[in-house]
Amino acid sequence: MGKRIGAGKRGRSPGRTAVLLGAGALVTGMLAGCGSGGGMKINVYYAPEDSFQKVVDNCNKAANGRYEIVYNKLQRGADDQRLQMARRLAAGDTAMDVLGLDVTWVSEFAEAGWVEEWTGEHKAEATQGVLQGPLDTATYNGKLYAATKNTNVQLLWYDDRITPTPPKTWDEMIAKAKELKAQGKPYSIVFTGAQYEGLVVFYNTLVNSMGGHILSDDGKSVVLDDGAVKALALLKTIASSGITDPSLTNSKEDDVRQTFQRGDAAFELNWPFVYASYAKEKPQDVSHFKWAVYPEAKPGTPAKTTIGGYDLAVSSLSQHKPEAFEAALCLRNADNQKFSAINDGVPPTIESVYHNDTPLDPSKPASADNPNMALKYPMRDSIIDAIKDAAVRPLTPAYQNMSTVMSKVLSPPAGIDPKATADRLREQLNDALQSKGVIP
């Protein structure tokens with residue numbers, strides 16, 4: 001996930017002209033390279049994903065020579081990915097066709113006019129069978145600007161030798177952690193508490209689970225209502241009750257995974273990637289590694305867990321838009337979502353894929369060497385349940401600015417004063433919202 005890059009202060013930055021001139025020079029060189037070799041090239045800019053080239057190869061076979069999809073692998077860091085694409089689009093790069101967008105970038109790129117709206121048959125195909133939460137991430141101002149490629153949602157992970165039954169509410173989990181601590185057993189509740197996007201995701205989940213709002217539904221004004229203030233109070237309670245790991249304020253996703261996997265925690269709130277890591281590194285114990293949906297912040301009301309993932313958009317500057325739409329649809333169709341889910345651990349956005357238990361090689365039975373969804377996603381029902389009642393991060397072009405502000409104000413979580421912190425958030429988020437965030 002990583003810390004997001006904000007769009008800076010309102011107005012034109014003194015260094016912006018130099019940045020864009022530099023980007024223009026970069027684009028000139030890239031354009032020359034992309035145009036060589038003959039034939040139509042559909043350039044896809046997407047995050048590093050180990051088996052994505054195989055997906056590209058599949059779609060090139062389906063294109064049957066009408067065009068060639070070229071996988072341009074972006075940097076590993078999300079901030080760097082966004083920055084490269086934004087700079088090149090701002091400089092008018094026509095060589096970019098399909099853009100892999102983190103779910104928090106769609107609003108920004110749509111507002112900037114950098115991506116095409118999906119309509120007609122393309123829209124119908126892109127939305128067919130897609131779970132509502134992921135679909136919301138691809139929508140801005142009621143219009144579809146991307147096709148969902150994969151999603152992600154956090155679950156509660158625990159060891160059934162320590163906790164035979166998972167806690168249903170935060171109150172239960174906090175009480176259980178204190179009980180385990182008194183017994184000298186692993187007790188910590190571990191989550192992403194470092195000053196970065198992971199802390200914002202955690203807070204956004206608590207806000208939505210409390211029935212609260214950070215922004216208005218149209219994303220144009222700061223609300224930070226009573227539910228958001230109650231979420232601040234709960235976050236402070238969790239962080240200041242002696243039940244978190246000492247490294248909380250430095251903990252990111254993999255730190256959280258490692259702490260739990262070492263046996264130094266009782267409860268882990270994290271993405272499904274932790275299951276594959278646990279199965280690989282501690283196969284003798286994986287039968288005890290269990291999962292459940294996120295605990296309820298309001299007893300009796302299911303949690304609304306913040307989703308992640310990537311969407312595929314078509315650049316408004318592409319010179320091959322019909323082919324770009326076709327390529328994007330292929331790259332995220334049901335078969336390819338299943339392939340990516342099994343090989344790269346990225347949960348599908350199409351619900352039917354979760355229930356498709358045909359192994360990768362249908363001529364052979366399912367096995368560890370020929371897996372299917374049941375083997376790779378034993379937690380799939382919990383993932384679907386969480387996604388069906390999920391929370392989406394505030395849909396605004398200024399999200400990068402907002403995330404930077406929130407991560408700073410919320411850190412360290414133990415230092416939160418609910419009312420004072422809420423006032424500070426309102427003031428700084430109002431300032432952040434005035435910057436549209438469309439120029440890096």
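User: Which order do the five strands of the open sheet take, and what is the pairing?

Analyst: The order is β2-β1-β3-β11-β6, and the pairing is mixed. Strands are DSSP runs of E with at least two residues, helices are runs of H or I with at least four, and both are numbered from the N terminus. Two strands count as paired if DSSP finds at least two bridges between them. This is a predicted model, in which local features need pLDDT of at least 70 and side-chain atom pairs count only at pLDDT 80 or more, while totals for chains, interfaces and linings use all residues. Residues are numbered from 1 along each chain as its sequence is written, and side-chain values use heavy atoms, leaving out hydrogens and water.

User: Why is one side of β2 and of β6 left without a neighbour in the sheet?

Analyst: β2 (68-73) and β6 (147-153) stand at the edges, each with a single partner strand, so one side of each has no neighbour in the sheet.

User: How do you know that β6 and β11 pair?

Analyst: Count the bridges. β6 and β11 (residues 307-314) share six, in the antiparallel sense. The definition asks for at least two, so they pair. A147 stands opposite L312 in β11.

User: What joins β3 to β11?

Analyst: Five bridges do, and the two strands run antiparallel. L101 has D311 in β11 as its bridge partner.

User: What makes β11 mostly covered?

Analyst: Eight of its eight residues are buried, where buried means under 20% relative accessible area, exposed over 50% and partly exposed in between (1.4 Å probe, protein chains only). I307, G309, D311 and A313 cover one side. G308, Y310, L312 and V314 lie on the other.

User: What is the angle between α8 and α9, and how far apart are their axes?

Analyst: α8 (residues 197-209) and α9 (residues 226-240) pack at about 125°, with axes 8 Å apart. Axes are lines fitted to C-alpha atoms, for helices over the stretch in contact, and angles run from 0 to 180 degrees between N-to-C directions.

User: Why is α8 called oblique to α9?

Analyst: Under 35 degrees is roughly parallel, over 145 roughly antiparallel, 65 to 115 roughly perpendicular, and the rest oblique. About 125° falls in the rest. That makes α8 oblique to α9.
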